[in-house]
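User: I would like to learn how to read a fold from its coordinates. Please give the general idea of each feature before the case at hand.

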Amino acid sequence: MNIQIFGKSKCFDTKKAERYFKERRIKFQSIDLIRFGMSGKEFDSVLRAVGGIDNLIDWDSKSDQIALMKYMDDKGAKEDKVFDDPSLMKTPIVRNGKQATVGYCPEIWATWE
């Protein structure tokens, strides 16, 4: 397994995800999403794995950008905006090759082991 955890330093669910893999002695790479973001290929892979941009956006965020995106129909514009501003993504984003999850999903990670 090649686990990558993209998260925000102050995100409680990101810390829970890291603890989940530590407790099971599964090696993972932790990446600060705000500081380093994602490469274009990683972003595309995650979009395919989670079923589109609407599943990647943190709709509960109080950001003005999120409020605007609720009314946008153009998926390409949403993808560009989220790629340029990773703080709009729901975290943690956990990747295992071509598989990925958004949010805290231990029931799915258990099937990866």
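Analyst: Start with burial: a residue is buried under 20% relative accessible area, exposed over 50% and partly exposed in between, with a 1.4 Å probe and protein chains only. Helices (H or I, at least four residues) and strands (E, at least two) are DSSP runs, numbered from the N terminus. This is a predicted model, in which local features need pLDDT of at least 70, side-chain atom pairs count only at pLDDT 80 or more, and totals for chains, interfaces and linings use all residues. Residues are numbered from 1 along each chain as its sequence is written, and side-chain values use heavy atoms, with hydrogens and water left out.

User: How many residues of β1 are buried?

Analyst: In β1, 5 of the 5 residues are buried, so the strand is largely enclosed by the rest of the structure. I3, I5 and G7 point one way from β1, while Q4 and F6 point the other way.

User: In what order do the strands of the sheet lie?

Analyst: Strands of a sheet pair through backbone hydrogen bonds, either parallel or antiparallel. Here two strands count as paired if DSSP finds at least two bridges between them. The 4 strands form an open sheet in the order β2-β1-β3-β4, with mixed pairing. β2 (28-32) and β4 are the edge strands, each pairing on one side only. From one strand to the next the twist averages 15 degrees.

User: Over how many bridges do β1 and β2 pair?

Analyst: β1 and β2 are joined in the parallel sense by 5 bridges. Q4 stands opposite Q29 in β2, and F6 has I31 as its bridge partner in β2.

User: What lies between β3 and β4 in the hairpin?

Analyst: There are 2 residues between β3 and β4, and G97 in the turn has a positive phi of about 65 degrees. Strand β3 (residues 93-96) and strand β4 (residues 99-102) run antiparallel and are joined by 4 bridges. V94 stands opposite T101 in β4.

User: Is N96 buried or exposed?

Analyst: N96 counts as buried because its relative accessibility is 12%. N96 belongs to strand β3. Contact means heavy atoms within 4.5 Å. Leaving out residues up to four places away in sequence, N96 touches M1, N2, I3 and W112.

User: Which strands does α3 lie across?

Analyst: For directions, axes are lines fitted to C-alpha atoms, for helices over the stretch in contact, and angles run from 0 to 180 degrees between N-to-C directions. α3 lies across β1, β3 and β4, and runs at about 75 degrees to β4.

User: Which residues of α3 are buried?

Analyst: An α-helix has 3.6 residues a turn, so residues three or four places apart point the same way. In α3 the buried residues are E42, F43, S45, V46, L47 and V50. These buried residues pack against β1 (3-7), α5, β3 and β4. Just after α3, G51 takes a positive phi of about 90 degrees.

User: What does L47 touch?

Analyst: L47, in helix α3, touches G52, I53, L56 and E79, not counting residues up to four places away in sequence. L47 is buried because its relative accessibility is 8%. The C-alpha atoms of L47 and T101 are separated by 9.9 Å, although the two residues are 54 residues apart along the chain.

User: At what angle do α3 and α5 pack?

Analyst: Helix α3 (residues 40-50) and helix α5 (residues 75-84) pack at about 125 degrees, with their axes 12 Å apart. That makes α3 oblique to α5; angles under 35 degrees count as roughly parallel, over 145 as roughly antiparallel, 65 to 115 as roughly perpendicular and the rest as oblique. G40, F43 and L47 in α3 meet E79, V82 and F83 in α5. The residues of this contact divide into 4 nonpolar, 1 polar and 1 charged. In that scheme Ala, Val, Leu, Ile, Met, Phe, Trp, Tyr, Cys and Pro are nonpolar, Asp, Glu, Lys and Arg are charged, and the others, Gly among them, are polar.

User: Where is S61 found?

Analyst: S61 is in the loop between α3 and α4 (64-69). With 24% relative accessibility, S61 counts as partly exposed.
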